[in-house]
Amino acid sequence: MSSRHPGINLGDTDPATHQVAESVVFGFWIFLMSDLVLFALLFATYAATSQHGLAGGPTPSDIFDLKSPFIETMLLLVSSFTFGMASLALKYRQDRGRLLLWLLVTFALGAGFVAMEINDFVRMAGDGQTPQQSAYLSSFFALVGTHGLHVSAGLIWLVIMVIQLFVFGLTQQVKMRLMRLAIFWHMLDVVWVCIFTFVYLFGVSQ
Amino acid sequence: MGQTPNLNAAFGIATMLIGVPTGVKVYDWLLTMVRGRVRLTTSTLFSLMFMITFVIGGMTGVILANPPVDFNVHNSLFLVAHFHNMLIPGTLFGMFAAYYYWFPKVFGFRLSERWGRISFWCWSFGFYLAFMPLYALGLMGAARRTQEWFEPAFEPWLIAALLGAGLVLLGVASMIVQLWVSIRDRDSTRVPGGDPWDGRTLEWSVSAPPPEYNFAVVPKVNDRDAFTWMKQHGLAYQMPAPQEYEDIHIPKNSVVAPIIGAASVALGFALTWHIWWLTIASFVAIWAAVIARSFCSDTEQRIPASQVREEHEQWLREVSALPKTPREQETTAGNLGLAEEFA
């Protein structure tokens, strides 16, 4: 059985699930594309307002330092790697133990990311940098906040999958849900790389 | 619009280009009636009024595509008249036509034709009376979204528009009355045969309301209008051989979708009016329903072939006892959902 859809394929180890996963994963990719359209709109809004929407308030280079975003980036990149390890455990191992371990490590890294981001937002609000300040800050919180909400949703999803691993075991349905969660998680990583580059690196260099 | 000449040119050309596929669609709709015997039932009346009114709105759209004209009527009631001219007949009248047409298929009884016609005339006259004056007002310079006017020349037109709005309100009221009357009198308008309008497509070949699995056996399609072809070849309502029935797998009924729908309405309402406790409650309800659903692994049901066969054969026996209704009498009480062959 050949590997077809993007992401990890179960063709060699679980052909029956692979057969069903084909259309399910394809459908999820279409969802991800529409989600990326949302992010594209937020990026475009951010690009416009970071030039023309400052309203006399702070500019990008005023509000960013790279320390915290860099640590967040590392947390998220490593969490993508650990989810990759979870996917390999899903594909090649019959036992749940290693899969659970990698999922929990991924959860810890993702939760660390969200905690740091909330901390950043609270600090900004303390400095008076709230969404009400300018169109620029509105679009900053909309873009980065939407990504943060996605990661939080992914964390809840992770918890539910861990519960389902205990309730149902490694059934076909649970496997396919984990495969979809995996590509969701990796997509959020890609979006974050864009945010880090475009919002933070580009912001401080201006 | 008050933009640069280049932008005006782009918008003007784009607006004109919309007219091309739209014009093609209008011809498509007209051609579906060519050489047909058109019956002026409520459903058809709404379809025809939709086509006529939609074309008028389309032509004022072409006027708006001209940048010098658009520059003058931009943000005026002319624009308001134009897009209502597109949306009300273009969306609403089409949906009304579909509502009258498919209602008996979904619920098993016909809607009151009398109240349907009353609502049609109220809607149509009301629409023209309400929105045609807005074209004139727009050309006279009346801006949209204005709370109060001080120009005496606007007054007669505004009064005419108000009367039109009142007629539209009567149209809405008669639709509510129609629904009430139709539900009250449903025993005299039932269409168990499932084909009250001599329909051409396959949904009319099953009972009304249809069984939850839609088709007892998968129908064989030989022509574009498959059910008409079957009726012409004497193959409609045929008893399938016993071995043709198979077990049918369909999803089980679930309360999850209605919960998500109701909670979404509450969420939209709460966000609009800044009711934060309801926002949080409905958001949590939506996702709790989704998550709870993900813990249900047994979501399908199997309807055994024997049950399908029994239900289908019983319906076919019922159909064979029904009187055939000629098209001229399709809105009368004698229409039990079995259409007479149309030569």
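Reply: A term to start with: helices are DSSP runs of H or I with at least four residues, numbered from the N terminus. The model is a predicted one.

Me: OK. Where is Pro209(B) placed, then?

Reply: Pro209(B) sits in the loop between helix H6 (155–184) and helix H7 (226–232) of chain B. A cis peptide bond with omega of about -5° joins Ala208(B) to Pro209(B).

Me: What else is in the loop between H6 and H7 of chain B?

Reply: Asp198(B) is found there. Its phi is positive, about 55°, although Asp198(B) is not a glycine.

Me: Is Asp198(B) buried or exposed?

Reply: Asp198(B) counts as buried because its relative accessible area is 11%, and the cut-off for buried is under 20%. Arg145(B) also has a positive phi, near 55°, but Arg145(B) is exposed, at 75%. Arg145(B) lies in the loop between helix H5 (113–139) and H6 of chain B.

Me: Switching to the inside. Which residues touch the most other members of the largest nonpolar core?

Reply: Leu103(A), Phe140(A), Ile195(A) and Tyr200(A), out of 53 residues in that core. The largest share, 17 residues, comes from H6(A).

Me: What does Ile195(A) contact, beyond its neighbours within four places in sequence?

Reply: Phe43(A), Leu143(A), Val144(A), His147(A) and Tyr200(A). There is also a second, separate core of 34 residues, and Met51(B) and Phe109(B) are among them.

Methods
Residues numbered from 1 in each chain as written. Chains lettered and ligands numbered in written order. Predicted model: local features only at pLDDT ≥ 70, side-chain atom pairs only at ≥ 80, totals over all residues. Heavy atoms only, no water. Core = buried A, V, L, I, M, F, W, Y, C linked by side-chain atoms within 4.5 Å. Buried < 20%, exposed > 50% of the residue type's maximum accessible area, 1.4 Å probe, protein only. Helix = DSSP H or I, 4+ residues; strand = E, 2+ residues; numbered from the N terminus. Contact = heavy atoms within 4.5 Å.
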